[in-house]
Structure formats: C-alpha cells, structure tokens
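Please find below my notes on the model you sent. They are set out as numbered points, one topic to each.

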Amino acid sequence: MENKVGINNNSVDSAGITKEYKEAIAELIWNGFDAKATSVDLVFNANELDHIDDLVIRDNGTGIDLSTLGETFGSFLDSLKRKSVQKTSSVRGKKGKGRFSFIAFAETAVWQTVYKDQQSGQFLEYDITIHAGNKHVYKNENNRISTVEKTGTSLRLSNLYGITGYSLTSTEFMDYLKAEFGWFLLLNEQRHFSLSLNGTAIEFRDIIAEDEVFKSVVSDHGGNEFEFKITYVRWKKKIGDKFYYYFLNEHKKELYKELTSFNHNAINFYHSMYVESSFFNEFISSDKEGSGRLFGVNRNNLVFKRLLKELRNIINTKQKAFVRINAADELISKYERLGVFPKFRNNKYEQEKKKDLVEVVREIYCIQPKIFKGLSETQEKTSVGFINLLLDTDERGHILNILDGIVQITAEERENLSNLLKKTSFSHILRTINLIESRAKTIELLKTLVFDLKSFTNERDHIQHAIAENYWLFGEQFHLVTANEAFEKVLSKYLYIIDDLPAPAKVKLQDAEKVRRPDLFICRQRSVPDPSSHDDDLEENIMVELKRPDVVIGKVQLRQIEDYMDFVTRQPEFNAQTRQWKFFVISNETDTYIKKQYDEFRDKGKRFLVKSWGNLEIFAMTWDDVFRSFAVKHKYLLDKLDFDKRAIAAELKAKGIDLNVESSSAVTKEVRAAAVTNF
C-alpha cells in the first residue's frame with residue numbers, strides 16, 4: 001500500500017537532514033534504541049574491492065505498530081516520539097525526520113518489522129519501503145503473521161554510495177560510535193544493552209577513563225524525598241564541545257541538560273554527569289529552546305537547586321583528584337622541561353628544597369589550576385620563583401593568605417595547604433639534620449687528613465681542595481671568590497660577585513704584591529653590626545691562609561697575613577669603610593708569640609683574634625679550634641644523632657687508606673665528594 005508523507009519531496013530535502021554518513025547511521029541506531037531495543041547490530045559484507053551491496057541495521061525493539069504507521073511515517077516533524085517526550089536530545093528521531101537520514105548514503109530503505117498486536121496478542125510482520133528519489137512516499141506491504149514470536153526491526157539499506165567496508169570499520173567511525181553511544185551503553189550496562197558490528201559488540205569502555213555511581217536523596221520544603229542515581233564519567237578524550245549534567249527520567253530518556261561549571265579549566269578534564277530519577281518524569285517543556293522547566297516551575301525549584309549543589313560538589317572533588325593524579329604531573333613535567341623551576345644544585349640539600357617547591361606548586365595547582373594557566377614563560381618563572389622565595393623564609397605561611405586573596409579557597413583546601421606548609425616546614429628540619437650529619441662526616445674526614453695524615457698532607461694538593469669545597473666552616477651563605485689565585489683574579493671575581501656584574505672584568509694592578517695568592521677568599525653581602533654607626537650595612541669578606549699541618553703558626557705566618565691586609569687597604573676597589581675584612585691563618589699549632597697576641601686582644605671579646613685595625617681583623621686558629629667550634633655549635637643534635645665516628649674509620653680502612661701520601665689524596669677526594677651534600 002502506497003502512502004504519502006504530509007509534505008513534498010523538496011521540503012524533506014530542505015528540512016536539515018544530515019548529509020554525513022556517520023551521523024545518519026547514528027540517527028538510525030537511535031531509532032532502534034528509542035523503540036526500546038536492548039541490542040542493535042550493524043551487519044554488512046564487503047567484497048575484495050571493499051564494496052558493500054547493502055547495510056542492515058537490526059534491533060530487538062518493539063517494532064512499528066501498523067495501526068500507528070500513519071502517525072510515525074506519515075507525519076513529518078511531528079512523530080509519536082515528539083508527542084510522548086516533550087524535549088530530549090537523546091531521542092534523535094524526536095522531530096520525525098530521523099528515518100530519512102538514510103538518504104545521506106543510500107537510495108533505498110526497507111524496514112522489515114515485527115510487532116505484537118495489542119488486541120489479538122499476535123506477532124505481526126510487514127515491510128516499509130522508501131526511495132531517496134521519492135521520499136515523500138512510503139509503501140507498506142507483505143502484511144503477515146510472523147513465524148518468529150519476537151519483536152524487532154531490520155532496516156536494509158541498499159544502492160549505497162559514498163561508503164565502503166573501510167568506512168564502517170575505520171577507527172574514526174568506531175570512535176564516533178563510542179562517543180555517541182558510550183554514555184547510553186554505560187547507563188544500561190547492567191541491563192546488558194549492546195551495539196554491535198557484524199555480531200561483535202563495540203567495546204565502549206575503552207574511551208572511559210573513570211566512572212562512578214552515586215546514590216542521593218534530596219528533600220523539598222515539605223519533607224518529600226526524591227531519589228537520584230548519579231553516574232559520573234570521565235572520558236579519555238573530548239567527546240563534545242561542552243561538558244554537561246544530563247537529566248534523565250526513570251526510563252533513561254534525557255529530558256534536560258545543563259552545562260557544568262568546569263567547561264573552561266583547560267586541564268583536559270573531560271567529564272559528564274548523568275542523573276536518573278522519576279523526579280524528571282513530569283518534565284514540562286517550554287516552546288523556547290533551552291528553557292525547559294521542571295514540574296511547571298523554573299530551575300529554581302528547591303529540589304533541583306539542592307541537587308545541582310551536590311552535583312557540583314561531586315565534580316569539584318573529582319576534578320581535584322584528577323588534577324592531583326594526572327594534570328599536576330603534566331604541569332610539573334612541563335615546568336621541568338621548560339626550565340621554569342629555579343636552578344637547584346645537585347646536592348641533597350638543594351634537591352630537598354626543590355622537592356618542597358614542587359609539592360607546594362602541585363597543591364596550589366590542585367586548589368585552582370587557573371592560577372598557572374595562560375601564563376607566558378616569563379610569568380611562569382616569576383610566579384614559581386616568588387613561591388620559592390617565600391618557602392625559603394619564615395614567611396612561607398603567607399602563601400596561604402596570598403592565595404586566599406586571589407581565589408576562593410574552601411575550608412578543606414585551606415586545611416590541606418596549611419598541613420602541607422607545616423609538613424614541609426618539618427621537612428626543613430629533617431633536611432637540616434641530614435645536613436648536619438653530612439657535615440659531621442666531613443669533619444671526621446678532615447681530622448684524618450690534618451691529624452692522622454699530617455706528615456703527608458700539604459696545602460696545594462690536599463687542604464686547599466678540601467676546604468674550597470667546604471667553606472661553610474667559616475660561615476653560611478658565603479660565595480667562594482677564588483682558591484689559590486693571584487690578587488688580580490681575586491679582585492676581578494670579587495667585583496663580579498659583589499657588584500653583580502654580567503661577567504668578571506679584567507683588572508690590571510700595578511701593585512708589586514699582585515702575584516700573591518691567598519689560599520681561600522670567600523665573601524657575602526649581609527647586614528652586620530657596625531660599631532661606628534647606627535647603619536647595619538657592612539659587607540663581610542674572609543681570606544683564609546691554610547698551612548701544612550706540620551707548620552706551627554708564629555710571627556712569620558702572621559706577617560704573611562698582615563701583608564694581605566696591607567694589600568687590601570692599598571686597593572681603592574677593596575678599602576671602603578663599609579667592607580669588613582677577616583683574615584684567618586690555620587694550622588695544627590700556634591707558638592708562644594701567637595698566644596701572647598690572643599692575650600693582647602682579649603678585651604675585644606673575640607676568640608682567636610690576633611690583630612685588629614679599623615674594619616680589618618686577623619684570626620689565628622688551629623684545626624682543632626675549627627672542629628671544636630662546629631662540635632660545640634651542634635652538640636645537642638650530634639648527640640641525638642648518635643653519630644658513629646668509628647664507622648668513618650672503618651669505611652676508610654675498607655677502602656685501603658693507610659698512612660701515606662696517596663692516602664692524603666684519597667681522603668681529599670672523599671672530603672670533596674661528601675661536600676656535595678653540605679650546602
């Protein structure tokens with residue numbers, strides 16, 4: 001029997017029907033699921049040339065009741081599905097044009113359908129045919145009692161064009177089907193819904209990174225309770241332009257959707273939320289697109305508002321977990337690759353500082369990714385550098401206050417960051433203990449060098465190298481200027497460090513003493529008390545003369561240091577009144593002359609002082625004095641650490657270090673190696 005749609009052929013062409021084969025096939029698949037099918041199978045056979053004669057789409061739905069055929073196929077843009085469900089994007093045939101989508105790639109469509117007659121209870125079968133060239137006409141024929149007592153529809157599409165066997169097996173097509181139907185199959189997974197290709201079910205789960213189901217009960221003002229099943233999905237890749245909350249009735253039909261508040265975070269957090277409940281069964285639609293209403297009222301319905309709040313909390317929690325596990329690692333890797341983090345030396349102390357910085361950056365990123373998004377490389381380095389500066393001071397707690405002024409921080413986020421800042425403060429304590437332990441080992445190695453091996457140890461080959469790597473012995477945060485270099489280079493490097501020059505300048509001195517070579521010259525810029533004024537702006541500099549362990553410090557050695565002092569006062573670049581100079585001479589012993597000098601300057605209140613003139617001072621120390629100063633300063637912690645000095649001796653013995661000059665070189669090497677962890 002030939003029938004006509006209530007519209008002409010040209011009007012169908014201009015009704016916005018897709019011309020893309022993937023979308024067209026999806027529309028026809030949705031028709032099957034809309035007909036309450038639990039299984040839809042695409043069946044085709046390609047020959048050697050990849051040509052396919054026809055494509056069959058089979059479903060086990062309720063079929064097409066012949067008594068309602070005029071309302072389904074006979075009505076265009078006004079199908080039964082539109083009448084039964086007011087507003088839904090999941091029922092793709094809702095406008096009555098989904099059946100015409102075949103014209104995108106086929107000339108003829110034949111529906112062979114089996115339905116159960118409501119009056120007789122019989123399973124009846126018939127065919128519906130539409131041709132692309134005459135699509136406003138449909139023919140139903142071959143009415144018969146079905147030999148198969150099972151409802152369903154088999155749509156055969158023939159005279160195909162624009163598609164091949166590859167079109168239907170390509171990764172692109174498979175990914176499209178997974179993105180289009182994955183959520184629907186997931187929601188119906190317990191009911192064993194399936195979409196198949198030649199009998200093989202499409203594995204939709206390989207595009208899902210994570211999913212979880214939540215149960216929620218929300219009440220209204222009157223105490224009426226509504227149950228909601230909430231399915232959270234995080235996709236492995238983007239499956240659409242936006243991320244939505246989808247609201248479905250108890251039959252899993254989508255009735256309304258709303259954007260989540262996480263659409264512009266730029267962290268690849270691809271997510272969807274599907275909410276199922278009988279609460280949405282009586283959904284009322286407005287004629288205006290996108291202005292759906294619930295129970296005849298707007299979206300300010302109390303239950304809906306409370307539900308949205310819970311949904312946002314779930315997404316917020318999931319996003320933070322995602323950022324912490326996935327996105328934060330990507331950010332840290334990017335910063336490592338681009339050199340955004342400040343440079344840290346390759347020693348234990350510096351690397352612990354870096355670890356501290358990385359942990360805090362990670363936590364801040366988890367609280368609000370936008371803080372680190374959209375920045376130029378310079379801005380990234382500035383932001384991270386600023387955080388690093390705060391972490392290195394007692395002001396690290398202010399990071400929380402600064403962050404609080406930039407973004408809103410929840411109580412939980414505040415507690416997490418606060419705990420991290422406290423934890424990393426504790427880490428600073430642990431690092432300090434490790435540092436002291438490492439330095440204690442260095443002290444023991446130096447004792448071996450200057451006491452046990454004193455007959456074989458000299459300045460140039462051993463002591464200078466050992467102390468140049470461990471100038472912390474004379475104070476923290478010094479810069480090593482030179483070790484065993486002539487005064488011309490000393491001055492050049494000194495000005496480079498102190499005046500922050502772009503590069504060491506060439507310095508030419510006329511002074512006859514310019515070839516003298518102090519063993520060690522270190523400096524630092526810091527405020528120290530200036531007894532002659534109220535301004536604390538002195539710059540501290542230290543020169544160290546290291547003597548062989550068997551040399552006794554006396555008048556000759558002191559005179560050598562005085563020559564250094566005289567040289568400094570003669571150089572205009574060195575002799576500013578705001579520069580404080582300390583000169584040290586160190587060996588194993590001092591003679592009676594030096595001891596008299598101690599007594600002479602005792603009233604200055606400075607131990608080991610043997611000469612003082614203006615802002616210049618000379619100190620004579622034995623190695624035992626140096627080692628004892630360290631031990632006294634750190635006695636409490638060293639006792640608590642129960643530092644095992646015998647273990648160092650056993651270690652040296654195991655390495656075959658004996659009393660000879662080769663052993664002095666070996667111990668020097670050990671000292672320099674240990675120095676890596678001393679800063």
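1. How many bridges join strand β12 to β13, and do these strands run parallel or antiparallel? Five bridges join them, and the two strands are antiparallel. Strand β12 covers residues 244-248. Within this pairing, Leu 248 has Glu 254 of β13 as its bridge partner. Note that the model is a predicted one.

2. The β12/β13 pair belongs to an open sheet of five strands, ordered β10-β11-β14-β12-β13, with mixed pairing. β10 (208-219) and β13 (254-259) are the edge strands; each has a single partner strand, so one side of each is left without a neighbour in the sheet. Ignoring direction, neighbouring strands of the sheet are turned against each other by 20 degrees on average. As background, strands of a sheet pair through backbone hydrogen bonds, in either the parallel or the antiparallel sense.

3. Helix α6 (residues 171-187) packs on this sheet. The strands touched by α6 are β10, β11 (225-235), β12 and β14 (271-276). The direction of α6 makes about 135 degrees with that of β11.

4. On the α7 side the contact is made by Lys 334, Tyr 335 and Leu 338. On the α9 side it is made by Glu 377, Glu 380, Lys 381 and Val 384. By class, the residues of this contact are three nonpolar, four charged and no polar.

5. Is helix α2 buried or exposed? Twelve of its 14 residues are buried, so α2 is largely enclosed by the rest of the structure. Charged residues are found on the buried list, including Lys 22 and Asp 34. Also buried in α2 are, among others, Tyr 21, Ile 25, Leu 28, Ile 29, Trp 30 and Phe 33.

6. The length of α2 (residues 21-34) can be checked against its residue count. At 1.5 Å a residue, its 14 residues should span 20 Å, and the C-alpha atoms at its ends are 20 Å apart, which agrees. Just after α2, Lys 36 takes a positive phi of about 70 degrees.

7. Two hairpins deserve a mention. In one of them, five residues connect β5 to β6. Strands β5 (residues 123-131) and β6 (residues 137-145) pair antiparallel over six bridges, and Leu 124 stands opposite Ile 145 in β6.

8. The other hairpin is formed by β21 and β22, with two residues between them. Gly 614, in the turn, has a positive phi of about 60 degrees. Strand β21 (residues 609-613) pairs with strand β22 (residues 616-622) in the antiparallel sense over four bridges. Lys 611 is placed opposite Ile 618 in β22.

9. Some totals for the whole protein close the note. There are 19 helices and 22 strands. Of the 679 residues, 49% are buried. Taking contacts between residues at least 6 apart in sequence, 69% join residues at least 24 apart.

Technical notes. Residues numbered from 1 in each chain as written. Predicted model: local features only at pLDDT ≥ 70, side-chain atom pairs only at ≥ 80, totals over all residues. Heavy atoms only, no water. Contact = heavy atoms within 4.5 Å. Pairing = 2+ DSSP bridges. Axes fitted to C-alpha atoms, helices over the stretch in contact; angles between N-to-C directions. Expected span 1.5 Å × (residues − 1). Buried < 20%, exposed > 50% of the residue type's maximum accessible area, 1.4 Å probe, protein only.
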